[in-house]
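Hi,

Here is the structure I promised to pass on. Have a look, and my notes follow below.

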Amino acid sequence: MATPDNKNQAGSEKPASTGSDLERGENVGKTTRSKAKKVLEKGSNIPPPREPEPETPKTREGLIDHMGLRGQHADRADAMIHLIDKGAFELGKEIPPLQTVLDSFTLEQLQLATTLQEPTLLLVPETSFAAKVRALDARKTRKGQKDCYVDEIFKRSDADFGKIAGWKAVIVDGARDMRNHGAANGDGDLGLSLEERIAIRKAA
């Protein structure tokens with residue numbers, strides 16, 4: 001025999017919802033809204049979700065375009081011509097053209113370079129340490145910048161020749177600051193020691 005909805009198995013009536021229950025529900029709602037308001041005012045310590053990283057191209061040409069290596073080559077070549085004009089180097093071997101530089105990188109090297117925060121192409125002249133110091137001194141980037149100090153031991157150990165004997169192309173990370181993805185990996189406390197932060201990141 002079916003029992004009415006308001007009766008339990010023992011046959012007694014179920015208590016109907018009371019006004020106090022509804023009031024308690026309203027109070028819970030007020031508490032929740034109050035907490036939410038405080039969180040919004042204070043700011044949540046939960047890191048915002050990261051935007052998905054753009055998909056890395058698969059082909060050589062795609063990777064080269066993705067990192068902007070063609071434009072970077074033109075900028076580096078102009079900078080080197082400027083230093084040669086200032087007398088930091090003597091041009092013994094011509095600056096390598098764009099295609100020669102691009103061909104010097106394997107597909108695997110280009111793929112690895114895309115994992116850098118800011119992939120930056122450099123044209124490195126094969127010349128003396130002293131000539132490279134002169135190049136640094138010749139390229140002031142800030143007002144009042146002083147020349148490099150070089151210990152005498154390095155001056156004595158390196159024969160000074162300014163003629164460029166060859167070139168090397170490298171891709172390095174040009175970022176000045178590391179992106180802070182630490183909070184998303186459990187490493188949001190910058191007050192901890194480096195060892196402690198590494199342990200937290202490994203655990204995460």
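Helices (H or I, at least four residues) and strands (E, at least two) are DSSP runs, numbered from the N terminus. Bear in mind that this is a predicted model, where local features need pLDDT of at least 70, side-chain atom pairs count only at pLDDT 80 or more, and totals for chains, interfaces and linings use all residues. Residues are numbered from 1 along each chain as its sequence is written, and side-chain values use heavy atoms, with hydrogens and water left out.

Pocket first. Helix H3 (69-85), strand S1 (119-126) and helix H6 (129-138) each give the lining at least two residues.

Now the salt bridges (a side-chain nitrogen of Lys or Arg within 4 Å of a carboxyl oxygen of Asp or Glu): there are four. Arg70 pairs with Glu61, closest N and O atoms 2.6 Å apart, and with Asp65 at 2.5 Å, so Glu61, Asp65 and Arg70 are linked in a network of salt bridges.

Another salt bridge joins Glu90 and Lys163, at 3.7 Å between the closest N and O atoms. Glu90 lies in the loop between H3 and helix H4 (98-103) and Lys163 in the loop between helix H7 (152-157) and strand S2 (166-173), so the pair ties together parts 73 residues apart in sequence.

Cheers
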